[in-house]
Amino acid sequence: MSLNPEKKKIILIGPAFPYRGGNSLFVTHTYEALKNEFEVKIYNYKLLYPSILFPGTTQFDLSSQQFKVPNERIVNSINPFNWISTANKLKKENADLIVFDWWHPFFGLCHGAISLLIRKKYKDKILFITENVVSHEANAVDKILTRIGLNFASKFLVLSGIVDKEVRQFSKGKKVYRSELPVYNCYEQTGEFDIKKVKEELGFDKDSLIFLFFGYVRKYKGLDILIEAFPKILSGHPKARLLIVGEFYDDPKEYTELIKKFNIVNYVKVINRFVPNEEVEKYYRICDVVILPYRSATQSGILNVAYGFLKPVIATNVGGLSEFIEDGKTGFIVSPDSPESIAEGITKFINSKSTIDFTANIERLNNQNKFNNLPEVFKSILSDS
């Protein structure tokens, strides 16, 4: 039974601390957004990914600045016996809503089995928040696993228009609600910050124009396209510098060879590691703009971190990215798969940075973020249950 009978009880199944990454950050913000209006409990994973399947150095957050929320590490993503025991625990909760955070087909069997086992108890009370529907590098097996994973959802909550369209292939006419990723303004922002000193520490001049690519590196992120575009930028703007920060899930040699090929070694700084939370600030604070040259996307937590630091964004017109950028106001939207288009977008930014108040425009957009109304969305979802 609910500890507070006046509050509806929500069980949220998803990653949280000690796991790192965007999905954990989203679940944490969801908890914080709902906890005052509802009784919220997080069923975290005791095993998220088997180590052999995880391409990074560690799945765990080793930061000194940690985003902690109350959670119970219950779910094992690959153990069918655990799925049965988790379902039995959920049945005893007598919750008003069970919420699965969905972002990858890997969890199809786990989420599908648990939601199947609880559907009799929680008829019309199983919500899937679909951050993505299928992965950016999906194959036929991924699509099958997605269909299994989402099959027993009662309703869906999506975070972008493109996901809204995609999820309807699997929703079987069930109701789809809408929100968006929160603005991630949670990282340390010290009052006194010596931009000149940090630039010098990273090997930049005080008047360098810094273009930031942030986050883990995979083919769909399009870093190779950005590297190819950069000589075109340097030809007109010799103070331009490219700062690449994030853990490489691809072979880094592919990218370092491109940097050499285009003769821009002296204009590019690469930091190949996962960045702890307390260090995120320095890379965003010193940059002039954040670049998302993606080949595919739904929405991007990197964009929302940029907005948290009031930094403009140049992003390709793929997936849902353009939904969250006001072209010429909070950044620029460019064509995908085109070094020329990225170079053109960067040039537009350089030529307009003294005349457009990007900061004020981003502040206004942040205030309109749909995630700010998440409690009202959940009240509507519960009233339909």
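How many aromatic pairs does a search of the whole structure find? I looked this up before anything else. The search finds 22 aromatic pairs. For this I paired rings of Phe, Tyr and Trp (its six-membered ring) if their centres lie within 6.5 Å; planes under 30 degrees apart are stacked, over 60 edge-to-face, and the rest tilted.

**Ground rules.** I note that this is a predicted model, where local features need pLDDT of at least 70 and side-chain atom pairs count only at pLDDT 80 or more, while totals for chains, interfaces and linings use all residues. Residues are numbered from 1 along each chain as its sequence is written, and side-chain values use heavy atoms, with hydrogens and water left out.

**Aromatic pairs.** I picked W102 and F128. Their ring centres are 6.4 Å apart and their planes stand at 50 degrees, so I file the pair as tilted. It joins distant parts of the chain: W102 is in strand β4 (residues 97–102) and F128 in strand β5 (residues 126–130), 26 residues apart. Helices (H or I, at least four residues) and strands (E, at least two) are DSSP runs, numbered from the N terminus. Are these two residues buried or exposed? W102 is buried, at 0% relative accessibility. F128 is buried, also at 0%. I use buried for under 20% relative accessible area, exposed for over 50%, and partly exposed for in between (1.4 Å probe, protein chains only).

I turned to F332 and F358. This aromatic pair is edge-to-face, with 6.2 Å centre to centre and 70 degrees between the planes. It too links distant parts of the chain: F332 sits in strand β13 (residues 331–334), F358 in helix α12 (residues 358–367), 26 residues apart. F332 is buried at 8% relative accessible area. F358 is buried at 6%.

I also found a cluster. Y45, Y49, F54, W103, F106, F107, Y216 and Y249 form one aromatic cluster.

**Charges over rings.** Which charged end sits over the ring of Y216? It is that of K221, 4.0 Å from the ring centre. I found another case at F274: the charged end of R20 sits over that ring, 3.8 Å from its centre. My test is NZ of Lys or CZ of Arg within 6 Å of the ring centre and within 35 degrees of the ring normal.

**S24.** I looked at S24 in helix α1 (residues 22–34). S24 is buried, at 5% relative accessibility. What does its side chain reach? The side chain of S24 comes to 3.0 Å from the backbone oxygen of Y19. Leaving out residues up to four places away in sequence, S24 touches P15, A16, F17 and Y19. Contact here means heavy atoms within 4.5 Å.

Most residues other than glycine have a negative phi, and most peptide bonds are trans. I listed departures from that. The peptide bond from F17 to P18 is cis, with omega near 20 degrees. P18 lies in the loop between β1 (9–13) and α1.

N94 has a positive phi, near 50 degrees, and is not a glycine. I place N94 in the loop between α2 (80–93) and β4. N94 is partly exposed, at 33% relative accessible area.

D337 also has a positive phi, about 60 degrees, without being a glycine. Its loop runs between β13 and α11 (339–352). D337 is partly exposed, at 49% relative accessibility.

**K253.** K253 lies in helix α8 (residues 252–261). Buried or exposed? K253 is exposed, with 52% relative accessible area. I checked K253 against S338: they are 85 residues apart in sequence and 22 Å apart in space, C-alpha to C-alpha.

**Whole protein.** The protein has 13 helices and 13 strands. The radius of gyration, taken over C-alpha atoms, is 21 Å, close to the 21 Å that the globule rule gives for 385 residues, so the protein is as compact as a globular protein of that length. That rule is 2.2 Å times the number of residues to the power 0.38. The C-alpha trace spans about 65 × 40 × 40 Å along its principal axes. Of the 385 residues, 57% count as buried. Among contacts between residues at least 6 apart in sequence, 76% join residues at least 24 apart.

Note on methods: A polar contact is a pair of N or O atoms within 3.5 Å; within protein, one must be able to donate a hydrogen and the other to accept it, and residues adjacent in sequence count only if both atoms are side-chain atoms.
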